[in-house]
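Here is a short note to read beside the model. Each point takes up one part of the chain.

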Amino acid sequence: MAKWNIGLAIYILAALLLAASTIASSEGPFIVAHKKASLTRLKSGSERVSVSIDVYNQGSATAYDVTLNDDSWSQEIFEVVSGNTSISWERLDAGAVLSHSFELEAKTKTVFYGPPAVITFRIPTKAALQEAYSTAILPLDILADRPPEKKFDWRLLAKYGSLVSVISIVVLFVYLVATPSSTAKGSKKKR
């Protein structure tokens, strides 16, 4: 009885592996999309959001009628400054990458959670449109009260830079004088 159960388990495992390899090696596009957003504080007190979406075709076939739609940016919070939140391409070849970017300006102070962008595409062997989703972005703390960024303090370099240089040169000189040279050992003749 135990041998029969082990044999059945091995048979089922082999069937699952065969099915998984068949699905993984099937002909067709495999769309992967990465969405990035970054904030830039303007001197006027407003904030710009730069959004970039890269669409990759990691499959073995071309995707046709590719449409990227990222309408998650509320018109009450954001205003489109440059570009569009949606775009279409005729095709995306296997192994190719398409990129799209746009800029928004924030109107209100909030924390924004951006959902993934939707990518629709057509496969010649199927009548229905296929959908893929981009990665979601991390929450954006828009118009938040942030402390100013600490930049490199040049005053420290001006104050202690010469002292550090002199000490480094003295330590290097002492090291060179204290360590024996390797050529002195090799120049002695054996008799």
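**Notes on the predicted model**

1. Helices (H or I, at least four residues) and strands (E, at least two) are DSSP runs numbered from the N terminus. An unreviewed UniProt entry lists residues 160–178 as "transmembrane region"; such annotations may be inferred rather than shown by experiment.

2. This is a predicted model, in which local features need pLDDT of at least 70 and side-chain atom pairs count only at pLDDT 80 or more, while totals for chains, interfaces and linings use all residues. Residues are numbered from 1 along each chain as its sequence is written, and side-chain values use heavy atoms, without hydrogens and water.

3. Leu 156 belongs to helix 2 (residues 154–178). Leu 156 counts as partly exposed because its relative accessibility is 49%; buried means under 20% relative accessible area, exposed over 50%, and partly exposed in between (1.4 Å probe, protein chains only).

4. Which residues have the most contacts inside the largest nonpolar core? They are Ile 31, Trp 73, Phe 78 and Ile 119, in a core of 28 residues. A nonpolar core is a set of buried Ala, Val, Leu, Ile, Met, Phe, Trp, Tyr and Cys residues joined through side-chain atoms within 4.5 Å.

5. Tyr 64 sits in strand 3. Its relative accessible area is 25%, so Tyr 64 is partly exposed. The C-alpha atoms of Tyr 64 and Thr 120 are separated by 9.3 Å, although these residues are 56 apart along the chain.
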